[in-house]
Amino acid sequence: MDVTQASTECTAVLQTIDDAVICDRSFPEDILVGVVGRGHVLVEDVPGTGKTLTARSVATALGLSFSRIQFTPDLLPADVTGTHIFNERERTFEFNKGPIFANVVLADEINRAPPKTQAALLEAMEEGQVTVDGETRQLPDPFIVIATQNPVEQEGTFPLPEAQVDRFLVKTSMGYPDEAGEVELLRRRADRETTSPSVERVLEPNQVEQLRRAPETIRVDEDLLEYIAALARETRSDGRVEVGVSPRGTQRLFEAARAYAAITGRSYVTPDDIKRVARSVLAHRLVLTPDATVNGVDKSQVVDGVLESVPVPTIEAPDQNA
């Protein structure tokens with residue numbers, strides 16, 4: 001699948017999601033960057049904004065299987081990965097797959113699960129496999145985790161360890177719709193009999209895999225490679241930051257920028273592509289100093305400051321036909 005076709009397919013997917021979900025266009029774009037960039041997505045927002053509907057709509061539009069896991073403090077790793085059950089007729093143990101065996105997995109309120117369960121999900125996200133009773137099983141391909149967490153209620157939660165947060169390609173937020181959007185939401189509800197809107201399939205699973213290969217053809221000039229590295233290094237020297245972006249985060253910024261370029265239909269990355277995805281890719285990877293945390297410093301503000309301080313390279317657009 002070439003870049004032009006990839007962009008056409010992405011536009012159709014975004015339009016389908018827009019028909020079902022009332023939100024700013026940047027939100028489904030962030031999720032699609034995660035999908036096309038072969039990564040996972042963390043969504044932090046208050047309940048009732050449409051996170052579950054969005055995740056289900058993305059899976060349906062892409063023609064992929066969908067599973068939702070409600071994370072709770074008593075959730076065990078086996079509840080996620082699956083377990084062996086004794087078959088009395090055959091007198092053997094059979095593996096009963098858990099809900100993680102789906103193409104798109106919605107890990108709802110992931111920070112409510114205990115660390116042991118979070119660790120089981122970590123292996124799945126990083127390796128595309130799970131290990132149960134010493135036996136490793138491959139997960140479906142593609143495998144995409146869309147995790148959510150509620151920033152308001154922190155009682156009884158288990159904050160994600162930094163190693164696991166770093167496994168998410170992007171972190172984004174849906175936010176409340178504006179007044180016109182909320183009226184449109186009611187208007188759409190009045191025009192249908194079901195509580196949730198339906199979504200049409202746009203792609204087939206094999207097309208999704210082709211779509212995820214499209215960014216590999218995107219050109220990134222040497223100046224932009226240096227720009228990406230400079231942004232990551234600048235986060236490490238910021239006085240408000242205790243732990244800056246890791247080399248893995250630098251690579252993820254590179255991958256996300258290429259994915260966004262593919263979504264928009266360009267065969268090359270521009271500085272604006274990097275700026276567009278920088279906040280959602282870098283902010284959640286930062287660990288602030290205690291003083292910055294007490295003073296209420298927002299990680300996104302740190303990334304914005306980095307973008308302002310690092311000089312932007314001036315490049316000429318490559319010839320699309322070259």
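A: Gln129 lies in strand E6, residues 129–132; helices (H or I, at least four residues) and strands (E, at least two) are DSSP runs, numbered from the N terminus. This is a predicted model, in which local features need pLDDT of at least 70 and side-chain atom pairs count only at pLDDT 80 or more, while totals for chains, interfaces and linings use all residues. Residues are numbered from 1 along each chain as its sequence is written, and side-chain values use heavy atoms, with hydrogens and water left out.

E6 runs antiparallel to strand E7 (residues 135–138), and 4 bridges join the two; strands are taken to pair if DSSP finds at least two bridges between them.

Leaving aside residues up to four places away in sequence, Gln129 touches Glu123, Ala124, Thr136, Arg137, Gln138 and Leu139, where contact means heavy atoms within 4.5 Å. With Gln138 there is also a side-chain to side-chain polar contact at 3.1 Å. A polar contact is a pair of N or O atoms within 3.5 Å; within protein, one must be able to donate a hydrogen and the other to accept it, and residues adjacent in sequence count only if both atoms are side-chain atoms.

Now the wider setting. The chain is divided into domain 1 (3–211) and domain 2 (218–309), with bounds from an automatic or database domain assignment. Their contact takes 22 residues from domain 1 and 20 residues from domain 2. The area buried between them is about 1,700 Å², and carbon and sulfur atoms give 57% of it; buried area is the accessible area (1.4 Å probe) that two parts lose on being put together, summed over both. In domain 1, Val3, Asp166 and Leu169 lose the most area to domain 2, together 31% of what that side buries.

Across this interface the rule finds 4 salt bridges, each a side-chain nitrogen of Lys or Arg within 4 Å of a carboxyl oxygen of Asp or Glu. Glu29 forms a salt bridge with Arg276, with the closest N and O atoms 3.2 Å apart. Helices H1 (3–20), H2 (26–36) and H6 (162–165) and strand E9 (170–172) each supply at least two residues of the domain 1 side. H2 gives the largest share, 6 residues.
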